[in-house]
Amino acid sequence: GKSHLMDALGEQLGADVRKIAFSDVTATHVGDWAKNIAKVFDSAFAAEGRVLIVLDEMEGLLVNGNPDSTANITAVLKTKLEELKDHPNVFVVGATNNVDSVDPVVRASKRIPLQIPLGLPTDSQRRDLFEDLLIMNGPAGNIMNAVMQESAFDIGALSDLTEGFSQGEIIEILESVRRERALAILRKEEL
């Protein structure tokens with residue numbers, strides 16, 4: 001989904017991709033979140049080559065309607081986005097599953113001039129995704145395929161159950177299932 005698109009964009013730009021996610025900038029004090037974001041931008045501004053900063057999970061970073069927790073982050077991000085004009089080798093892309101929850105001050109067209117909505121996968125796309133993800137290639141795939149083959153999967157039912165889910169959410173669910181199944185097999189072998 002969005003994350004794969006960001007990685008591909010970074011590769012096409014020949015840029016070092018630096019992701020900022022809500023989980024990466026959390027700190028004990030709310031003001032420290034803004035400082036952590038500023039550090040990523042300042043590091044990118046100082047870099048010699050191209051840098052793509054990916055604001056992943058923007059809805060977690062910039063919640064609309066919660067000024068107490070995001071005022072400093074919004075101010076820092078506004079400033080850093082405006083400083084981009086002085087740093088032509090630094091690019092910024094934001095990703096969110098809920099654009100309406102992102103503070104409109106930050107997502108204003110003068111700061112983020114190009115906004116491309118990516119829809120959720122269709123039934124056919126979800127089916128293809130499940131087929132691709134349930135059949136992994138390579139040495140790690142052989143191990144994981146053995147783990148997953150203990151049960152038969154109804155691709156159609158899985159697609160129906162995940163209607164409204166993003167590609168990233170579907171991948172996360174399958175990775176969680178793989179981990180749990182692998183742990184269960186290891187536990188059985190220990191007995």
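Colleague: Which residue in S2 does isoleucine 20 stand opposite?

Modeller: The model discussed here is predicted. Strand S1 spans 16-20, and five bridges join S1 to S2 in a parallel run. Within this pairing, the residue in S2 opposite isoleucine 20 is leucine 55.

Colleague: In S3, what is the bridge partner of leucine 55?

Modeller: Strand S2 covers residues 51-55 and pairs with S3 in the parallel sense over five bridges. Valine 51 stands opposite valine 90 in S3. For leucine 55, the bridge partner in S3 is glycine 94.

Colleague: In what order do the three strands form the open sheet?

Modeller: The edge strands are S1 (16-20) and S3 (90-94), each of which pairs on one side only. The twist from one strand to the next averages 20°. The pairing is parallel, and the order is S1-S2-S3.

Colleague: Why is S2 largely enclosed by the rest of the structure?

Modeller: Val51, Ile53 and Leu55 point one way from S2, while Leu52 and Val54 point the other way. In a regular strand, side chains alternate between the two faces of the sheet. Buried means under 20% relative accessible area. S2 is largely enclosed because the number of its five residues that are buried is five.

Colleague: Is leucine 5 buried or partly exposed?

Modeller: Leucine 5 lies in helix H1, residues 2-13, and H1 packs on the sheet, touching S1, S2 and S3. Leu5 also belongs to a nonpolar surface patch with Leu114, Ile116 and Leu118, together having about 430 Å² of accessible area. Because its relative accessibility is 45%, leucine 5 counts as partly exposed.

How values were computed:
Residues are numbered from 1 along each chain as its sequence is written. This is a predicted model: local features need pLDDT of at least 70, side-chain atom pairs count only at pLDDT 80 or more; totals for chains, interfaces and linings use all residues. Side-chain values use heavy atoms; hydrogens and water are left out. Patches are made of residues with over 30% relative accessible area and no salt bridge: like charges are joined within 9 Å, nonpolar side chains (Val, Leu, Ile, Met, Phe, Trp, Tyr) within 5 Å. Accessible areas come from the Shrake-Rupley method with a 1.4 Å probe; for residues, only the protein chains shown count as cover. A salt bridge is a side-chain nitrogen of Lys or Arg within 4 Å of a carboxyl oxygen of Asp or Glu. Helices (H or I, at least four residues) and strands (E, at least two) are DSSP runs, numbered from the N terminus. Buried means under 20% relative accessible area, exposed over 50%, partly exposed in between (1.4 Å probe, protein chains only). Two strands pair if DSSP finds at least two bridges between them. Axes are lines fitted to C-alpha atoms, for helices over the stretch in contact, and angles run from 0 to 180 degrees between N-to-C directions. Contact means heavy atoms within 4.5 Å.
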